[in-house]
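Please read this note with the model open beside you. Take the points in order.

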Amino acid sequence: MPLGPVQLTVMSYTPLSSQRTPRLIRQSDPEMYQLALTIAGQQSIEQARMYASIGPGDLLLYDSSRPFTAIAGPNPPGARAMLLQFPRRLLPLPEKAVAPLCGTVLPGRAGVGRLLCQMLTGLADTHADLTSADSTRLGTTAVDLATALLAHHADRQTLIPAGSRQRALFEQISAYITTHLHDPGLTPGAIAATHFISTRYLHRIFQQHGATVGDVIRQQRLARCRRDLADPSQRTVPIAAIAMRWGYPRPSDFTRAFRAASGMTPSEYRSAGQDANRAQR
């Protein structure tokens with residue numbers, strides 16, 4: 001799937017051994033960095049005198065301009081992976097900082113690595129619905145997250161251009177908000193403190209994306225509440241319990257916010273949803 005000058009590929013293959021030799025590089029070198037996410041199976045690679053064995057959830061960087069040997073399988077048989085490829089010129093880090101990371105395992109279960117993995121799998125699921133402009137923007141974001149990940153492991157965060165840092169931080173904070181909607185203490189001040197930035201800088205980042213922190217939190221919470229209120233399997237769950245589940249400990253505050261956003265009370269919304277379900281049956 002093309003993402004502007006970036007490309008994301010999903011691959012499945014049987015056990016194999018592959019080599020990129022100096023001769024092949026001389027014949028053709030696209031000068032690309034390739035960041036692989038293993039989805040299933042085991043793989044190993046040797047590049048730049050570094051050796052890594054990776055399994056599901058691991059990320060691995062390699063460079064088309066350097067020879068490598070890669071092996072998948074035989075136990076378990078074959079592998080499945082996602083491959084993010086982008087021109088070396090798009091990575092705003094010096095080659096001498098990136099080279100030591102080629103052929104090393106980059107954890108994908110925490111921090112920026114996890115965020116990048118979530119984005120790649122999300123792109124694979126939704127790429128058919130994206131416009132060309134969407135794809136190009138998301139390709140830029142993917143490279144920004146890859147830059148943040150590599151800079152973290154190279155201890156070169158200060159070398160990331162301000163624009164890339166801000167876009168990566170916006171994605172990281174957005175993911176943090178989504179996973180902490182249940183917390184009544186999820187406020188701009190608390191979010192800023194968690195990410196070691198000032199509240200003013202936090203607001204500036206969101207303003208550059210045409211949003212406010214408070215609106216993002218409120219919209220996501222109310223969206224989860226609407227979903228649960230419309231869910232027939234949760235029709236016996238008290239409305240106050242659903243509200244508390246998504247960060248509204250005071251029922252009156254929830255009712256006021258819900259009515260302002262939906263034009264009806266939570267109980268009216270639930271009843272309307274139940275009536276619609278009965279009509280469909």
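1. Basis. This is a predicted model, where local features need pLDDT of at least 70, side-chain atom pairs count only at pLDDT 80 or more, and totals for chains, interfaces and linings use all residues. Residues are numbered from 1 along each chain as its sequence is written, and side-chain values use heavy atoms, with hydrogens and water left out.

2. Confidence. pLDDT is the predictor's confidence in each residue, from 0 to 100. The protein's mean is 86, and 94% of its residues reach 70 or more. Among the elements (DSSP runs numbered from the N terminus: helices, H or I, at least four residues; strands, E, at least two), helix H11 (residues 266–280) has the lowest mean pLDDT, 77. Helix H9 (residues 239–245) has the highest, 94.

3. Main core. A nonpolar core is a set of buried Ala, Val, Leu, Ile, Met, Phe, Trp, Tyr and Cys residues joined through side-chain atoms within 4.5 Å. Buried means under 20% relative accessible area, exposed over 50%, partly exposed in between (1.4 Å probe, protein chains only). The largest such core has 33 residues. Leu35 and Phe86 are among those with the most contacts inside it. Helix H4 (132–154) is one of the contributing elements. H4 gives the most, eight residues.

4. Glutamine 234. This residue sits in the loop between helix H8 (213–230) and H9. Is it buried or exposed? Glutamine 234 counts as buried because its relative accessibility is 14%. Beyond neighbours within four places in sequence, glutamine 234 contacts (heavy atoms within 4.5 Å) Asp228, Ile242, Arg245 and Arg270.
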